[in-house]
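Hello,

Here is the structure I said I would pass on. Please have it open while you read; my notes follow below.

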Amino acid sequence: MQWQHSILPLTPAPSPTPSTSFHPLQFSVPCRRRTPSQSQLRVICRSLGSKWRIQNIDPDAVQEKLNTWFLKARTAVTEFAGPLINPGPGTPSGPPPDDENVALDEIVMKVPEVTLSGKTKNGVLSLEAIISIEQFSRMIGQTGEKMQKIFEAQAPESLRGNARSLVEYCCFRYLSRDNSHIHPCLKDSAFRRLIFITMLGWEKPYCEDTDEIYQLETLSLKGKFVGKEAFLRIAPAVAGLADIPTAHHLFKALVGDGEGISFSLWTAYVSELSKVHDNRESYKGYPNVQKPDEEILCLASSRKRPVLKWEENIAWPGNLTLTDHALYFERIGVGGQKEPIRLDLSAPGSRVEKTKVGPFDSKLFDSAISVTSGSGVQTWVLEFVDFGGEMRRDVWHAFISEIISLYEFIREFGPLGDDDPSIRHVYGARKGRIRAIKSVANSIARLQCLQFMRRLSEDPAKLVQFSYLRTVPFGDVVLQTLAVNFWGGPLITKQSQPNRSLPRNLEISPSASHIFDVDGSTYLHKWMKSPSWTQNLSVLFWKNTSVRGGIILSKNLVVSGLSSVERAALTCREKSQIVDRIRATIDAAMIQGIPSNIDLFKELMLPLVVAAASFEKLRRWEDPYMTISFLAFAYTVIFRNLLGYLLPMSLMIIAAALLLLRGLKEQGRLGRSFGKVTIRDQPPSNTLQKIIGLKEAMADLENRLQLLNVTLLKVRNIVLAGQPETTTEVALVLMGAAIVLFVVPFKYVISFVLLDLFTRELEFRQETVRQFRMFLKDRWAAVTASPVVVLPYEDPSTASPGDSPPKKKAQKPIQ
């Protein structure tokens, strides 16, 4: 884009007014009143004479240049001081981009000549939709009217007259002409503005006021915001702007708590992303990289924020370089920089983990990662010093994790290698590995861009697709669609001999097990090495890959339809939202404090407590009629041989009750508060009272644990014949009970137990029951516990192999 304000020619000009000619993609510049400072500047210039020809300098251009310098200076100061005042990873530091940081000629755009018919059967096209259709049509080489006719000729009957589909068609037709990994027009500010207008037109394809639509001469982008759905639909279609599986997390990181993406924020994002890719071009030939086929993705220099490599409790500062295959660390010592060392990230078994470091193994600083290559022979511990928080460590953890996940994806879903002969039978399959690597490079570039913009409001690992898909539901199917996208293509049949054809496992037949993409691309069955292909979710997904009612321009661009990656990512996003909602309910149930958890437990156990209390009333004969009725029912079930039907009938009653509650809940007859658990909050207390309460709760828990341990020790002593007479008595009781169960029918045993249970509290049995309980209590108290031996503490690191174990110290049996 050309600036409208520039230095005028050396010959005197009658008026300094800038030219008003327009490029189809240029913005119009409103006339601005000259400020007093500009008038003074012109007077000063004239007073200096014509020796330096200063009178021919346009004061508007000088003012614009000064404003540009001041803006660059402010940006440099903000970037330098940002780490010192960063409030944390949760909130972006610094003022958010606004329309004041964008030039006026970028906010206001002149409406081009309209050739298409704005009136459709569904309504009148909005101004944003008209501009998008007209501009993309001219970039293709057609007019908006011609593209509208082509669309109506190709589209099915259900899509004709659909403004949103027409916007998609014109945009995708132009984007399908480029197959690069980064769209070359991203550096053009006019193209960025057009994509933003396209998202606005897609989100609002029709206008409400049909009278003013043809009277507007300019379009102002100030105060307009792009929503989530429009961003997820258009942004991933532009190469390099977003990945389909992680686009929703990218939108959330950019917007934060805002209502949408403004034009200033969109411009700042794309501009910063272009700078990241430009910096990578300057890395070519960097001396730290030993292999020329590797591409440098990111540098971590120790001049601003150091990178420390810990070796045997010694931290070595240095420069860290990340490529698409490995890590390089160049240590900086007293004698200068050392030879860089390399850690391969593409080897099987590589992993990266967050860790803590510190002097003398103190694990004091939580700002490091541990990177292991291959089978664990070589491990690096790298600390990323960041005075503003731990986000820098998290970002680099995401970088390295994405590289490792990339090569796991290639080994699991790709061909066996570049020498695999089956690659020759699929057109474009040789570039599949390069496509996957470039996809990761773009993901890392976007993460760097958000880091520079200080827009990392959540876990950075959610913004890189391969690492993210390893941890979410339905992620394996999304990885499968990515593999089909990278390596799939048309089959090539080479018949150099009359009777020679493709191998049997490459033949296409109705029963073939190859995978076909929406555009007919083939992913060979030979490459399906991952066990995830045999899962039910995967089989059901790939059974229906056709697009109904849409226009397929390429495997990634489908008008009014979804590609395979988009369809799988949509399902993955929906399942992830369900998991997040479930996790939110679990987190909300995690109440802090022992007393509150006890109250919650009591509230949850209330139905069982009520049932136990009701049964206790029956057993004590507090309501004789109810007790007699219960016993009559119980003995009828026992002696009519209905015990076998008791459990199935109980399950059926429970199932019917659940369905009844579900129906009443859907009808709204149970109220909104039904099912909520309500407890009373604890009274306010100071720190000392909380400590005392915690001490009492821990003491009570310790006493109950001691009683449980004593019971278990006594049972252990009985089983192991610690007291032979007690073991003999227990064995005789068990044998007698077994003989009774063998001889006496089970229904008589149950009836006897039920009769005993309901007659214990009657007057004629109270004394007998009390004496029997006292007998059992005395016999249990007479049982000794198994002896417990406590060995003294021994440090494993100081003990020698030849040392003999210490003598055991026997304690008295616990009573």
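**Salt bridges**

The count of salt bridges comes to 25. Keep in mind that this is a predicted model. One of the bridges joins the side chains of Lys 187 and Asp 278, at 2.9 Å from N to O. Lys 187 sits in the loop between H6 and helix H7 (189-203), and Asp 278 sits in helix H10 (residues 263-282), so this pair ties together parts that are 91 residues apart in sequence. Lys 187 counts as exposed, at 58% relative accessibility. Asp 278 is partly exposed, with a relative accessible area of 34%.

Asp 756 has two arginine partners to look at. Arg 760 forms a salt bridge with Asp 756, and the closest N and O atoms are 3.0 Å apart. Arg 765 also bridges to Asp 756, here with 2.7 Å between the closest N and O atoms. Elsewhere, salt bridges with shared partners join Lys 354, Asp 366, Arg 393 and Asp 394 into one network.

**Aromatic pairs**

The structure holds 25 aromatic pairs. Take Trp 396 and Phe 399. Their ring centres are 5.5 Å apart and their planes stand at 70 degrees; planes over 60 degrees apart count as edge-to-face, so this pair is edge-to-face. Both belong to helix H11 (residues 391-413); they are three residues apart there, so about one helical turn separates them. Trp 396 is buried, and Phe 399 is buried too.

Phe 615 and Phe 758 make another edge-to-face pair, with 5.8 Å centre to centre and 80 degrees between the planes. This pair links distant parts of the chain: Phe 615 is in helix H18 (residues 606-619), Phe 758 is in helix H23 (residues 746-759), and they are 143 residues apart. Phe 758 is buried, at 1%.

There is also an aromatic cluster. Its members are Phe 409, Phe 413, Phe 466, Phe 474, Phe 486, Trp 487, Tyr 523, Trp 527, Trp 533, Phe 541 and Trp 542.

**Strand E8 and its partners**

Strand E8 (residues 307-311) is mostly covered, with four of its five residues buried. E8 runs antiparallel to strand E9 (residues 314-323), and five bridges join them. The hairpin of E8 and E9 has two residues between the strands, and Glu 312 takes a positive phi near 55 degrees in this hairpin. E8 also pairs with strand E15 (residues 378-384), in the antiparallel sense, over three bridges.

Helix H6 (163-175), helix H12 (432-453), helix H14 (475-487) and helix H16 (564-589) each supply at least two lining residues.

Best wishes

Technical notes
Residues numbered from 1 in each chain as written. Heavy atoms only, no water. Salt bridge = Lys/Arg side-chain N within 4 Å of Asp/Glu carboxyl O. Buried < 20%, exposed > 50% of the residue type's maximum accessible area, 1.4 Å probe, protein only. Pairing = 2+ DSSP bridges. Phe/Tyr/Trp six-rings, centres within 6.5 Å; stacked < 30°, edge-to-face > 60°.
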